[in-house]
Amino acid sequence: KVKRLVQRGGIAHVTYNDRSRQIPCLFDSGNLVREPISGKPVMILPQAEADALGISQEMLNEGNLRGSRLIPMKTLTGDRLLWGIMPRETTLKADGIHIKSTNMYMVFSEGTDLAIVPTSVIQQSV
C-alpha cells in the first residue's frame with residue numbers, strides 16, 4: 001500500500017488556527033527531516049501556503065509565533081535552518097486511505113509546488 005501511495009501522491013488537508021487548505025502532496029521516502037526536540041516528522045509546504053493559512057512569514061522567520069521551532073534542513077543545495085510550526089490538524093488522503101491528525105511540523109519553501117510528506121507518517125498509520 002505504501003509503495004502505491006508514494007507513486008500516486010495524494011492530498012494534504014492542513015488546518016492552522018481557523019484556516020484550512022487542501023494541497024496536492026508527494027509522499028517522499030527521502031524526507032527524513034525531524035524537529036530536533038520532539039523528533040516529530042516535518043512536511044514541507046509551498047511558500048504561498050503560509051499566507052493562505054494566515055501565517056505571517058515575517059513573524060515565523062523571526063521565531064515570534066508561539067510554538068515555532070528552528071528545524072535544521074539538509075538539501076541538495078546545502079544546510080539551512082527554517083522555522084517550523086505545528087498545524088492544528090493534518091489529514092492525508094490517498095487511494096481511499098485517510099490518515100487524520102498526523103502529528104508533524106510544517107515548514108515553508110519556495111522550492112516546491114506540492115506538499116512534501118515523509119513516508120514515515122504513512123508507514124506508521126497503514
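This is a predicted model: local features need pLDDT of at least 70, side-chain atom pairs count only at pLDDT 80 or more; totals for chains, interfaces and linings use all residues.
Local features need pLDDT of at least 70, side-chain atom pairs count only at pLDDT 80 or more, and totals for chains, interfaces and linings use all residues. Residues are numbered from 1 along each chain as its sequence is written, and side-chain values use heavy atoms, with hydrogens and water left out.

**Exercise 1.** Find how many salt bridges the structure holds, and describe the one between Glu-49 and Arg-21.

*Solution.* 
- Step 1. A salt bridge is a side-chain nitrogen of Lys or Arg within 4 Å of a carboxyl oxygen of Asp or Glu. The structure holds three of them.
- Step 2. Between the side chains of Glu-49 and Arg-21 the N to O distance is 2.7 Å.
- Step 3. Glu-49 belongs to helix 2 (residues 48-52) and Arg-21 to strand 2 (residues 19-28), so this pair ties together parts 28 residues apart in sequence. Helices (H or I, at least four residues) and strands (E, at least two) are DSSP runs, numbered from the N terminus.
- Step 4. Buried means under 20% relative accessible area, exposed over 50%, and partly exposed in between (1.4 Å probe, protein chains only). Glu-49, at 10%, is buried, whereas Arg-21, at 32%, is partly exposed.

**Exercise 2.** State which parts the salt bridge of Arg-69 and Glu-35 ties together.

*Solution.* 
- Step 1. The side chains of Arg-69 and Glu-35 meet at 3.9 Å, N to O.
- Step 2. Arg-69 lies in strand 4, and Glu-35 in the loop between strand 2 and strand 3 (42-46), so the bridge joins parts 34 residues apart in sequence.
- Step 3. Arg-69 is partly exposed at 30% relative accessibility, while Glu-35 is buried at 1%.

**Exercise 3.** Describe the largest pocket by its volume and its lining.

*Solution.* 
- Step 1. On a 1 Å grid over the protein atoms alone, a pocket is an open set of points where a 1.4 Å probe fits, with protein on both sides within 12 Å along at least five of seven lines; lining residues have an atom within 4 Å of a point.
- Step 2. The volume, the space filled by probe spheres set on the points, is about 420 Å³ for the largest pocket.
- Step 3. Its lining has 19 residues, and Val-33, Ile-44, Met-73, Lys-74 and Thr-75 lie nearest the centre.
- Step 4. Strand 4 (69-75) and strand 5 (78-84) are the elements that give two or more residues to this lining. The largest share, four residues, comes from strand 4.
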